[in-house]
Amino acid sequence: MAEEVILLDTWVSPFGMRARIALAEKGIKHEHREEDLGNKSDLLLKMNPIHKTIPVLIHNGKPVCESNNIVQYLDEVWPDKSPLLPSDPYLRGQARFWADFVDRKVFDAGRKVWATKGEEQKSLMEEFIGHLKTLEAELDGKLYFGGEKMGYVDVTMVPIYSWFHAYEVSGNFSFESHCPKLVAWAERCMQHDSVSKALPSPEKVYQYVLQLRKRLGIE
Amino acid sequence: MGKSEEVVLLNYWPSPYGMRAMIALAEKGVQYEYVSVDVVNNKTQLLLQMNPVHKKVPVLIHNGSPVCESLVIVQYIDELWAGDAKPVFLPSDPYQRAQARFWAHYIDEIFEFGRKIWIKTGEEVEKGKKELVDSLKLMESQLGDKPYFGGEELGYVDIALVPYYSWFYTYEQFGNISIEAECPKLVDWAKRCMKKESVNKALPDPVKVHDFVVMLRKKFGVDS
């Protein structure tokens, strides 16, 4: 059956990167459409009327919204290649727990850093690093969060690695000194084409952040 | 699952998240030990050991292994206790499952909107009221004419949402609103769910919830 798969996305979004990685891991042919979030397309507004955000996966005309949701959907519809969620229910529960942690703690703290400066930013940066250390402990000597191969949590987390350089320059520190094992894990993931092709250049991300902070009136 | 199973639920009675787990366990007919943890005043060693990351209830402990986060717990219960004509919470079709997950995730925000009504003051309360009513109306439109969000039977989205029904009275008292007037079909749906033993045994008396919140406000120094 001819499958039509479209991904509405923007290059800098770590949420969009999750979908890109999953699609690439599974070798799913798709059309990638870049959205301008300052001028959202009619298609985006129609396909995600509630949140009006990317990424949105449109499979044979039907939308799936929210990045973790998209990754799980791709895993269920295309289960044979690169399965991302474990088959064991307990391990699946663990994977879902940690993906939720990445969203609600890691990404949330990371996002707030950009909207602040001075002492407030420093405190949020510390909180962000704290969450990264928690994740690093969970990695606990494994090659990937998924074990021997990349899995759901790896796909959920690794996009933020493209933003590390921006954090390091802004905060004047290095992640390597705080969570070296997590950095090593990210570099291991970057050896995969599916990841290295999905993540934008850290320098481009940094330039984007500078523009964003100017727009927000912070710098 | 013939061999002996040890299932423990760490919970605190006012928690809508805990109610989700209780409903799911009851729907599947799972025998379990309920362990109450007063998370406001005294988080126990067991809780801190079983949920070191968030230190929150509910925690499902299955044969000694913890599962945390209410929606993760409900999915786990759904997957583990399957077959034998047991109810199924998530649809089998991947697209329908994605929709159910989307709405369950959205529903988590509703508690945060409601929270503004009883913990904040002034403009924040008004903001919370609008956000709460708008989000409940959106859920009402999603329900449409179906008896449940899950269709003919209680499903994942019903389990995610119905616990908040025990908090409606609290929102109404502190927000001076009537949820029944704003979303009559949604309240009808909640009452329909409450006819099920799994739901009415999990949800506490709304007046008790209100009294609990009065205590919390005093504790956090919010003017009554």
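Which residue forms a salt bridge with Asp100(A), and how far apart are the closest N and O atoms? Select Arg104(A): this residue is the partner, and the closest N and O atoms are 2.9 Å apart. A salt bridge here is a side-chain nitrogen of Lys or Arg within 4 Å of a carboxyl oxygen of Asp or Glu.

Before the next stop, some ground rules. This is a predicted model, where local features need pLDDT of at least 70, side-chain atom pairs count only at pLDDT 80 or more, and totals for chains, interfaces and linings use all residues. Residues are numbered from 1 along each chain as its sequence is written, chains are lettered from A and ligands numbered from 1 in the order in which they are written, and side-chain values use heavy atoms, without hydrogens and water.

**Stop 1: helix α4 of chain A**

Stay with Arg104(A) and Asp100(A). Both sit in helix α4 (residues 89-114) of chain A, 4 residues apart, so about one helical turn separates them. Helices (H or I, at least four residues) and strands (E, at least two) are DSSP runs, numbered from the N terminus. Arg104(A) is partly exposed, at 37% relative accessibility. The cut-offs: buried means under 20% relative accessible area, exposed over 50%, and partly exposed in between (1.4 Å probe, protein chains only).

Now select Arg111(A) and Asp108(A). They form a salt bridge too, with the closest N and O atoms 2.6 Å apart. These two are 3 residues apart in helix α4 of chain A, again about one helical turn. Arg111(A) is exposed at 51% relative accessibility, while Asp108(A) is partly exposed at 23%. Next, pick Glu76(A), Arg97(B) and Arg101(B): salt bridges that share partners join them into one network.

**Stop 2**

Select Asp9(A) and Arg20(A). Their side chains meet in a salt bridge (2.5 Å, N to O). What does this pair tie together? Asp9(A) lies in strand β1 (residues 5-9) and Arg20(A) in helix α1 (residues 14-25) of chain A, so the bridge links parts 11 residues apart in sequence. Both Asp9(A) and Arg20(A) are buried. Over all chains, the structure holds 23 salt bridges.

**Stop 3: two cis peptide bonds**

Most peptide bonds are trans. Go to Ile54(A) and Pro55(A): a cis peptide bond joins them, with omega about 0°. Pro55(A) is in the loop between α2 (42-47) and β3 (56-59) of chain A.

Move over to chain B and select Val57(B) and Pro58(B). A cis peptide bond joins this pair as well, with omega about 0°. Where is Pro58(B)? Look in the loop between α2 (45-50) and β3 (59-62) of chain B.

**Stop 4: chain B as a whole**

Along its principal axes, the C-alpha trace spans about 55 × 45 × 25 Å. Buried residues make up 52% of the 224 residues.

For an example, select Val72(B) in helix α3 (residues 70-80). Val72(B) is buried, with a relative accessible area of 6%.

**Stop 5: positive phi values**

Most residues other than glycine have a negative phi. Select Asp84(B), in the loop between α3 and α4 of chain B. Asp84(B) is not a glycine, yet its phi is positive, about 50°. Is Asp84(B) buried or exposed? Asp84(B) counts as exposed, at 74% relative accessibility.

Now try Asn176(B), in the loop between α7 (168-175) and α8 (179-182) of chain B. Its phi is also positive, near 55°. Asn176(B) is exposed at 71% relative accessibility.

**Stop 6: a positive patch**

Finish with Lys43(B), Lys55(B), Lys56(B), Arg115(B) and Lys120(B), which form a positive surface patch. Patches are made of residues with over 30% relative accessible area and no salt bridge, and like charges are joined within 9 Å. Lys and Arg count as positive. The place of a charge is taken as NZ of Lys or CZ of Arg. Accessible areas come from the Shrake-Rupley method with a 1.4 Å probe.

Zoom in on Lys120(B), in the loop between α4 (94-119) and α5 (123-143) of chain B. Lys120(B) is partly exposed, with a relative accessible area of 39%.

Notes:
Patches are made of residues with over 30% relative accessible area and no salt bridge: like charges are joined within 9 Å, nonpolar side chains (Val, Leu, Ile, Met, Phe, Trp, Tyr) within 5 Å.
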